[in-house]
Amino acid sequence: MLFAIRAIHTLIFIFEGSCVGYIFYVSLALSRTPTWQQDRLVFLAIAVVIAEGFVLVLNRGKCPLTALAQKHGGQEERLADIFLPKVFSPYLLRVIIAMFVFAMIVLVIKSISL
């Protein structure tokens with residue numbers, strides 16, 4: 001059961017990381033605001049990241065799957081219950097948040113400068 005929880009948590013993490021990565025890419029790669037086709041994907045990616053933020057805030061900074069993994073024998077807290085080397089765990093959330101905030105600032109600046 002723990003393996004399944006970790007696998008699902010890892011897939012969700014990869015999806016959300018891809019959303020942040022796409023937002024970051026769009027904010028840096030485009031010389032202007034996104035086109036209407038890109039807007040849909042950007043807004044969807046932003047919505048996914050914000051929804052995850054709400055889940056974390058409502059759970060006092062812990063992912064519900066982390067608590068579930070601990071209930072089924074997981075030893076670690078934070079992002080160590082996904083299939084990533086533990087060396088990344090302490091810094092990963094900070095890096096992802098910084099990338100998201102930076103990308104959002106760039107997108108807002110680009111939309112204002114039109």
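Biologist: What does α4 reach from its first C-alpha to its last?
Modeller: α4 has 24 residues and reaches 36 Å from its first C-alpha to its last, close to the 34 Å expected at 1.5 Å a residue. Bear in mind that this is a predicted model.

Biologist: And α1, what should that one span?
Modeller: Helix α1, residues 2–29, has 28 residues, so at 1.5 Å a residue it should span 40 Å. Its end C-alpha atoms are 39 Å apart, which agrees.

Biologist: Back up a bit. How many helices and strands does the chain have?
Modeller: Four helices and zero strands. Along the sequence the pattern reads α-α-α-α.

Biologist: How much of the chain is buried?
Modeller: Of the 114 residues in the chain, 32% are buried.

Biologist: What share of the contacts comes from residues 24 or more positions apart?
Modeller: Such residues account for 69%, counting the contacts with a separation of 6 or more.

Biologist: Let's do the core. Which residues touch the most other members?
Modeller: The largest nonpolar core has 16 residues, and Ile23, Val49 and Phe100 touch the most other members. The elements that give two or more residues to this core are α1, α2 (36–58) and α4.

Biologist: What does Ile23 touch?
Modeller: Leaving out residues up to four places away in sequence, Ile23 touches Val42, Ala45, Ile46, Val49, Phe100, Ala103, Met104 and Leu107.

Biologist: Which residues of α1 are buried?
Modeller: In α1 they are Ile5, His9, Thr10, Phe13, Glu16, Cys19, Val20, Ile23, Val26 and Ser27.

Biologist: Why does Thr10 count as buried?
Modeller: Thr10 has 11% relative accessibility, and buried means under 20%, so Thr10 counts as buried.

Biologist: What does the Thr10 side chain reach?
Modeller: The backbone oxygen of Arg6, at 2.7 Å.

Biologist: Switching to α4. Which residues are buried there?
Modeller: Ser89, Leu92, Ile96, Phe100, Ala103, Val106, Leu107 and Lys110 are buried in α4.

Biologist: Lys110 is on that list. What is its relative accessible area?
Modeller: For Lys110 the relative accessible area is 16%, so Lys110 is buried.

Biologist: How are the C-alpha atoms of Lys110 and Leu30 separated?
Modeller: By 9.3 Å, although Lys110 and Leu30 are 80 residues apart along the chain.

Biologist: Now aromatics. How many aromatic pairs?
Modeller: The count comes to one aromatic pair. Phe24 and Phe102 form that pair, and the pair is tilted, with 5.9 Å centre to centre and 50° between the planes.

Biologist: Which parts of the chain does the pair link?
Modeller: Distant ones: Phe24 is in helix α1 and Phe102 is in helix α4 (residues 89–112), 78 residues apart.

Terms used. Residues are numbered from 1 along each chain as its sequence is written. This is a predicted model: local features need pLDDT of at least 70, side-chain atom pairs count only at pLDDT 80 or more; totals for chains, interfaces and linings use all residues. Side-chain values use heavy atoms; hydrogens and water are left out. The expected span of a helix is 1.5 Å times one less than its number of residues. Buried means under 20% relative accessible area, exposed over 50%, partly exposed in between (1.4 Å probe, protein chains only). A polar contact is a pair of N or O atoms within 3.5 Å; within protein, one must be able to donate a hydrogen and the other to accept it, and residues adjacent in sequence count only if both atoms are side-chain atoms. Rings of Phe, Tyr and Trp (its six-membered ring) pair if their centres lie within 6.5 Å; planes under 30 degrees apart count as stacked, over 60 as edge-to-face and the rest as tilted. A nonpolar core is a set of buried Ala, Val, Leu, Ile, Met, Phe, Trp, Tyr and Cys residues joined through side-chain atoms within 4.5 Å. Contact means heavy atoms within 4.5 Å.
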